[in-house]
Amino acid sequence: MAFPFFGDSKSTVAQLLATLPQQGRLEWIGLRTARRTEPLAVPEAEVLTDQRLAGDHASVKPGGKRQVTLIQHEHLAAVAGYLGLPGPVAPGRLRRNLVVSGLNLLALKGRQVQIGDEVLLDITGECHPCSRMEEELGPGGYNAMRGHGGLTAHIARGGTIRVGDAVRIVAPELAGPAA
């Protein structure tokens, strides 16, 4: 079922959901070259349409909803705070591909975002934490990540992304029909 407020231009909630003038920034890109390895931070990456980031070990399905994962930069400090750590959690420890600042990622569910000049991602849902968070962050890691796990996305259009690229919401009327 589609979100009940989209398409209802008279709804106050629909108007609020459509109001995302902010522009975010890509802060970090991580690639895991093999399963259970530490992600490699890279300054840029090739994003493969309907696949994954080039060089990442992920085996994704064409049309899949989890081809790339994103996490909010501001949540790195929140997770650290819940665990009593002195500073933000290093992005690579959380096993996500992209770290974005300046946007409330949860407001992007069901939307399309553009990174840089080329890449389009369809935001497909939440990326819930897994039991590996206990292994990586210690006792309480799983619960510290709850609500802060980020989002999953389908790669609608590939290209090159770079740390520092703008992350913008694509207006619904420009995104085309939903799949």
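Glu135 is exposed, with a relative accessible area of 54%. Here exposed means over 50% relative accessible area, buried under 20%, and partly exposed in between (1.4 Å probe, protein chains only). The model is predicted: local features need pLDDT of at least 70, side-chain atom pairs count only at pLDDT 80 or more, and totals for chains, interfaces and linings use all residues. Residues are numbered from 1 along each chain as its sequence is written, and side-chain values use heavy atoms, with hydrogens and water left out.

Glu135 pairs with Arg132 in a salt bridge, with 3.6 Å between the closest N and O atoms. A salt bridge is defined as a side-chain nitrogen of Lys or Arg within 4 Å of a carboxyl oxygen of Asp or Glu. Both residues belong to helix 3 and sit three residues apart, about one turn of the helix. Helices (H or I, at least four residues) and strands (E, at least two) are DSSP runs, numbered from the N terminus. Arg132 is buried, because its relative accessible area is 17%. Arg36 joins Arg132 and Glu135 in a network of salt bridges.

The structure holds six salt bridges. One of them connects Arg93 and Glu136, whose closest N and O atoms are 2.8 Å apart. This pair links distant parts of the chain, 43 residues apart. Arg93 lies in the loop between helix 2 (74-83) and strand 5 (98-101). Glu136 lies in helix 3 (residues 132-137). Arg93 is partly exposed, at 26% relative accessibility. Glu136 also has a relative accessible area of 26% and therefore counts as partly exposed.

Lys109 and Glu126 form a further salt bridge, at 3.0 Å from N to O. Again the pair links distant parts of the chain, here 17 residues apart. Lys109 is in the loop between strand 5 and strand 6 (112-115). Glu126 is in strand 7 (residues 119-126). Lys109 has 36% relative accessibility, so this residue counts as partly exposed. Glu126 is likewise partly exposed, at 36%.

Pro43 was examined separately. Pro43 occupies the loop between strand 2 (40-42) and strand 3 (44-47). Its relative accessibility is 63%, so Pro43 counts as exposed. Pro43 touches Ile29, Ile161, Arg162 and Val163, leaving aside residues up to four places away in sequence. Contact means heavy atoms within 4.5 Å. Pro43 and Gly164 are 121 residues apart in sequence, yet their C-alpha atoms are 8.9 Å apart in space.
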